[in-house]
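Subject: Structure handover and notes

Dear colleague,

I am passing on the structure that we discussed, and below it you will find my notes on what was found. Please read them with the model open beside you.

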Amino acid sequence: MNDQHPSASGVAENAVFESSAASMTGGPSPLPDLAAGTRTNLASKLRWQGRFKVWGGQLLLAVVIIGGWQWFTAEHWVDPFTYGQPTGIVHRLYTLFRDGTAFGSYPEQILVTLQEAVYGFLIGAAAGILMGVSLGTNRYLSSVISPYIKVVNAIPRIVLGSIFVVAFGFGITGKMLLAAVLVFFVVFFNAFQGVREVDPNVIANARVLGAKPLHIIRHVTLPSAMTWIIASLHTAFGFAIVGALVAEILGSEKGLGLVITTAQGTFDADGVFAVMLTVAVITLVAEFILTRLERRLLAWRPQSRSDAPAI
Amino acid sequence: MTWVTSLLSVAAMSLTHGASPHSARVELNGVSKRFLTPSGDVFTAIQDVTFAVEPGQFCALVGPTGCGKSTSLSLVSGLDKPSSGTVSVGGTAVDGIADGVSFMFQTDALLPWKSVLANVALGPIFRGASKREAQASARDWLRRVGLAGFEDRYPHQLSGGMRKRVAMAAALINEPRILIMDEPFGALDVQTKAIMSNELLALWEQVRCSVIFITHDLDEAVALADRVVVMTSSPGTVKDIYDIDLPRPRGDVQEIRFQPRFVELQRQIWRSLRDEVERAYAATAGVPA
């Protein structure tokens, strides 16, 4: 059987990785003479088996990494004072929430950083889309401005944080701006490229149908570039958080960045890790929301493609 | 007598383009189009092209690959400007996107992020109709191309033939005087192509706009057209013009192929086209001509 259908057996092996439904449609079924109902049950059974296998592997990996860390530091093969310890991190997180910090409660710090990151993200993304679409659709504008964009992109923009501290002090404006600057470039380059990738045939067709330039931007260019823009938003939110944190570390009166600096000042590795864990959770929640937004805005795409970036 | 006809033609011209197919004469007169290649050479795509399409006529343009057929059509639609010569539609020279012209491309020009209904409704919306009017009209056209019930699908959910029908509805909804088709069925399989050709003929017999139709398929050209224009290999120019006197309505394009008159015309045009195709092939394949 296998000799006669080498391709079918290959598909069945791959199906462990993908969904096992592929093996049911991808080649001749290795199990003949089954009623349709039985076959559906079998497919769903195989699919669940595949899922459990993946979950099992993921759990095992987590146990090995976190357990190994805990074990190595508990045995003092690795210094827990320098590198932290999972139980210590959890305990530190608990005390942070219970006792707060010298400059206010822990949730308040989270909210401050979140506010800076979200506002920075919105400002940067809006500016990036606006500039990307304008420069992508206007050849003259792009010729004039693109060398400057390249120069600004080449300089280490994170250092602008120092300027913003000098200019705007310890408040949230400077943090928002640094986050916005970092987000802008990611979104801008994607929006620009997305606009350039629009099928000229589709634009020609819209023009013949009577579209004015604004019609083309609204009905053709922007939706077409949206695939690119949305893909960039995932990375961009990460940059917004980094921008807000770094700006806080450079000088602030509130925020998670300040919690990190304080922990660093007291040689509190667990404290730094605890904030990192908090930020990771925030980013994952943002990622979840962005994925929902992506599904909604890009509902027109074939399912398999819109699922791919969600991994 | 002459003033009567001129008065009639003026009256016809003054009607709106949707109501009057008579202002739909397309004329190319000594048209050339040259491009500057990136290496700085001048490339002549078409040279001294002269032909006319009468109002309501179905004209097929055949010629070897790369002979400038598509270039000629982009000049008629106003997407491009001729380097010399004049292109006129309904007696006025084309300057910018010509009014009353629709274009159907070989590749899908449907917007993948819009539903079938929204795609067809684009033409009227671009021309300032309200959303409600545009959608009502789009629904009507989808019904006419046999796609009632598919309004909410996205293009990627349709078969190749169905997408072509959507494109046809999207092109015809503006009630064009002139419909330009650049190998519209080139990417379809032979059976689907035959079905689509029949449907195109049936629709066209209702609306009777002038059609310029590019194809590589000589059978398709003879079966559909009233006039076949044969172009030479690059730089393209008009070699021969044949008027096809097969009676209308033509009926099934698959059946008409067996009529003696069809075979005779097909053979005659192929004799003219063959030299050009061989020359074009030799030029691209590097075989001495």
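Predicted model: local features only at pLDDT ≥ 70, side-chain atom pairs only at ≥ 80, totals over all residues.

Residues are numbered from 1 along each chain as its sequence is written, and chains are lettered from A and ligands numbered from 1 in the order in which they are written.

Chain A has 14 helices and zero strands, where helices (H or I, at least four residues) and strands (E, at least two) are DSSP runs numbered from the N terminus. Of the 311 residues in chain A, 32% are buried, a residue being buried if 20 or more other C-beta atoms, placed from the backbone, lie within 10 Å of its own. Among the contacts in chain A with a separation of 6 or more, 70% come from residues 24 or more positions apart; two residues are in contact if their C-beta atoms, placed from the backbone, lie within 7 Å.

Helix α11 (residues 213-250) of chain A and helix α13 (residues 269-297) of chain A have axes that come within 10 Å and cross at roughly 165°, the axes being lines fitted to C-alpha atoms, for helices over the stretch in contact, with angles from 0 to 180 degrees between N-to-C directions. The two helices, α11(A) and α13(A), are therefore roughly antiparallel to each other (angles over 145 degrees count as roughly antiparallel, and those under 35 as roughly parallel). Their crossing is right-handed, a term used if the near helix is turned clockwise from the far one by less than a right angle. On the α11(A) side the contact includes Met226(A), Ile230(A) and Phe237(A), and on the α13(A) side it includes Val279(A), Ala286(A) and Leu290(A). By class, this contact of α11(A) with α13(A) has ten nonpolar, three polar and two charged residues, with Ala, Val, Leu, Ile, Met, Phe, Trp, Tyr, Cys and Pro counted as nonpolar, Asp, Glu, Lys and Arg as charged, and the others, Gly among them, as polar.

In helix α12 (residues 256-265) of chain A, the buried residues include Leu256(A), Val259(A) and Ala263(A), and the buried residues of α12(A) pack against α6 (106-137), α11 and α13 of chain A. Phe267(A), which follows α12(A), has a positive phi, near 50°.

Where the two chains meet, the contact takes 15 residues from chain A and 19 residues from chain B. On the side of chain A that touches chain B, α10(A) gives the most, with six residues.

In chain B, strand β1 (residues 26-36) and strand β2 (residues 42-53) run antiparallel and are joined by eight bridges, where pairing requires that DSSP finds at least two bridges between two strands. Phe35(B) has Phe43(B) in β2(B) as its bridge partner. The two strands, β1(B) and β2(B), form a hairpin with five residues between them, and Gly40(B) in the turn has a positive phi of about 95°.

Helix α5 (residues 160-172) of chain B packs with helix α6 (residues 190-207) of chain B at an angle of about 20°, their axes 10 Å apart, and that makes α5(B) roughly parallel to α6(B).

With best wishes

Technical notes:
Parallel < 35°, antiparallel > 145°, perpendicular 65-115°, else oblique. Buried ≥ 20, exposed ≤ 12 C-beta atoms within 10 Å, placed from the backbone.
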